[in-house]
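Please look over the structure shown here before reading the notes that follow, which take up its charged pairs, strands, disulfides and surface in turn.

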Amino acid sequence: MPKKIAILVLVGFVLGAVPAYAGAPSTLLYEGALTTATGAAAPSGNYNITFKLYATEAGQTPFYTEAAKVAVAGGRLSHTLGASTALNLQTLAGASQVWVGVTVGNNKEQKRRQLHSVAYALHAKQAELALGLACTGCVKASSLKWDSNIDLAGNSIKAQQLTAKNVTSQTVVAQEFIGDGSKLTGIKTPAGSCPSGQFVTGIDQGGNLVCKASGVSGGALAQVSNGALSNEFSEVFNAPTKNIPIPDNTGLDALSTIKMPSVGTAQKLTLKIELTNSDLSNLSIVLLPPNDKKVGYVVCDPCGPNDSVKTFSKSYSAKLHKGDLSVWAGKNPQGFWNLKVKDTALCAINKQGNQALCDAKKSTDGLLKNWSLSVNTVSNTDVLVAGTLVAQGGVQVGATSAPCTAKRKGALRYLDGDGLQVCNGTSWSSAVGSKVIHFLGTCTSSGSSSTRTFCLNKTLANTASAYLTVSKTNSGSATDFNTGRVVFKKKGYYRVTFNQRSRGSMQAWMYKNGSQIQYFYHQNYSSYYGSMSHSRIIWFDVNNYFNIKFYSNYNAWYANDTTLEVEFLGL
């Protein structure tokens with residue numbers, strides 16, 4: 001092989017077309033002449049030649065390199081670049097200039113030559129211009145025709161409207177669905193229904209209904225009323241007796257019962273227990289729900305790891321040691337709930353901290369201090385109004401027989417005879433004020449000065465006939481308590497007021513059930529009329545009765561100008 005070989009390059013390069021022009025190849029054809037230093041044709045044979053492409057004439061780093069064994073015949077050579085190492089058409093198309101450098105064997109790289117376009121390269125130039133194409137309306141939709149699927153490689157299509165015969169997708173996200181969906185297929189329709197007191201809030205991935213007692217705070221009623229109304233309530237029912245002694249390994253239980261009224265449909269039931277014992281590891285607690293007198297729920301057994309802790313204070317609303325309180329969701333927990341606490345080992349009274357808990361004489365160990373049941377309910381009878389209830393057509397109040405409790409404080413009811421009543425937290429009382437009745441007794445007989453039971457043979461007004469009855473008997477006897485008797489039909493507090501108008505000195509006595517409860521005296525020496533009055537509040541039970549006796553020392557019927565007023569005040 002000659003020590004120095006010169007290369008005279010006769011270049012005719014053909015750049016293969018991009019995919020839009022299928023007739024053009026994707027290689028470059030290199031042709032040239034290989035000569036010795038004296039200018040003679042290089043001997044025929046195979047030469048190791050390296051071809052490199054540069055972006056500039058003096059660039060140090062080529063963007064393409066290909067080494068090949070090239071056959072030389074009569075000094076002529078021909079090689080196809082890209083035959084063994086693929087050309088990067090994007091890099092080639094993106095270069096503003098392309099320079100080729102050729103190295104034969106171990107010789108220095110020959111002077112670089114610049115590539116120029118020929119027929120196929122002109123097509124590539126047109127494609128190059130298309131890479132930077134930015135125009136609106138320069139391509140007509142009628143000129144586009146797809147012969148295969150479009151792969152967007154993770155990108156998306158944005159359009160105001162998309163019309164397609166079929167759409168295949170793993171996920172479709174839309175803000176609005178238009179149409180009745182009657183032709184949709186492949187959708188699993190859930191079966192079944194929600195329990196009583198609950199409603200559907202969704203469908204899970206398995207096609208099952210998702211049910212809940214309330215969609216928002218305050219329940220479904222709050223949802224439809226924008227929070228103005230609610231039928232969700234939370235009530236706590238405490239044990240009626242606190243600090244119940246726990247039998248010390250006697251085989252007996254510390255037993256306590258809570259009577260729960262009808263509270264509606266429960267969303268959540270919570271049990272809270274507080275107790276003390278010398279060794280919680282020997283203690284067990286069982287909760288018996290309504291209509292279950294034997295099995296119940298095992299709250300804890302044992303209730304502690306050892307005797308180091310003497311107090312127990314825990315709350316439960318779901319899983320217990322055996323059983324689950326969450327099963328009461330959707331049910332009314334009305335009825336008797338019994339809690340049983342059992343101690344199965346004798347108290348070691350000599351151990352530190354046990355003396356205050358154990359009572360050897362009474363055979364007890366600690367106390368069931370308190371326990372309670374809290375219920376979050378969806379009521380089927382009560383509605384909570386968050387603001388002011390405005391009724392243009394009026395409000396009709398029913399005649400509930402429910403007891404007045406702290407929960408019902410402020411509630412109203414209407415009973416025939418009693419009228420409108422309000423609950424004050426402990427009892428029902430009149431909501432519109434008292435009932436008043438006036439009597440004016442005018443006895444037909446006259447006589448000397450004496451003491452007589454006041455008669456009520458004339459009634460001026462009566463608005464309390466549902467509360468009391470009046471006897472019009474007038475025997476004139478001072479001891480006949482049938483005369484002017486007021487008998488009470490309803491228990492409660494009554495204000496009794498009398499006004500005696502007569503000549504001379506006057507005396508009066510008040511009697512309840514025939515027994516004197518008060519005495520009054522007025523000294524009047526004038527022959528003109530004087531008066532004496534008094535008022536007193538008295539509690540009367542049903543069928544209690546009341547009388548007044550009067551005395552006057554003037555020789556005339558003393559009661560011709562005397563009145564008696566009875567006023568109901570409430571319970």
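## A charged network

Asp253, Lys340 and Lys342 are joined to one another in a network of salt bridges. The model is a predicted one, and the contacts described here should be read with that in mind.

## Other salt bridges

The count of salt bridges in the structure comes to 7. Side chains of opposite charge can pair when their charged atoms come close. One of these salt bridges is formed by the side chains of Arg112 and Glu109, with an N to O distance of 3.0 Å. Arg112 is buried, its relative accessible area being 14%, while Glu109 is partly exposed with a relative accessible area of 30%.

Another salt bridge brings together the side chains of Lys272 and Glu274, at 3.9 Å from N to O. Here Lys272 counts as partly exposed at 36% relative accessibility, and Glu274 is likewise partly exposed, with a relative accessible area of 29%.

## A hairpin

Strands β8 and β9 (residues 209-212) are paired antiparallel over 4 bridges, and in this pairing Gly202 stands opposite Val210 in β9. The two strands form a hairpin with 5 residues between them, and Gly207, which is in the turn, has a positive phi of about 85°.

## Three disulfides

How many disulfides does the structure hold? There are 3 disulfides, and the pair Cys300 and Cys303 is one of them, with an S to S distance of 2.0 Å. The torsion about the S-S bond of Cys300 and Cys303 is about 75°, so this disulfide is right-handed, and both of its cysteines are buried.

A disulfide is also formed by Cys347 and Cys358, whose sulfur atoms are 1.6 Å apart; with 75° about the S-S bond, this link is right-handed. The pair connects distant parts of the chain, with Cys347 in the loop between β18 and β19 (358-359) and Cys358 in strand β19, 11 residues apart. Cys347 counts as buried at 14% relative accessibility, and Cys358 is buried with a relative accessible area of 10%.

Cys404 and Cys423 are joined as well, at 1.9 Å from S to S, and the link is right-handed, with 85° about the S-S bond. This pair too links distant parts of the chain, Cys404 being in the loop between β21 (384-385) and β22 (412-415) and Cys423 in strand β23 (residues 419-423), 19 residues apart. Cys404 is buried, with a relative accessible area of 9%, and Cys423 counts as buried at 2% relative accessibility.

## A nonpolar surface patch

Which residues make the nonpolar surface patch of about 550 Å²? The patch is made by Leu144, Trp146, Ile150, Leu152 and Ile157. Of these, Ile150 is placed in the loop between α2 (119-131) and β8 (199-203), and at 49% relative accessibility Ile150 counts as partly exposed, because the term exposed is kept for values over 50%.

Notes. Residues are numbered from 1 along each chain as its sequence is written. This is a predicted model: local features need pLDDT of at least 70, side-chain atom pairs count only at pLDDT 80 or more; totals for chains, interfaces and linings use all residues. Side-chain values use heavy atoms; hydrogens and water are left out. Patches are made of residues with over 30% relative accessible area and no salt bridge: like charges are joined within 9 Å, nonpolar side chains (Val, Leu, Ile, Met, Phe, Trp, Tyr) within 5 Å. Accessible areas come from the Shrake-Rupley method with a 1.4 Å probe; for residues, only the protein chains shown count as cover. A salt bridge is a side-chain nitrogen of Lys or Arg within 4 Å of a carboxyl oxygen of Asp or Glu. Buried means under 20% relative accessible area, exposed over 50%, partly exposed in between (1.4 Å probe, protein chains only). A disulfide is a pair of cysteine sulfur atoms within 2.5 Å. Two strands pair if DSSP finds at least two bridges between them.
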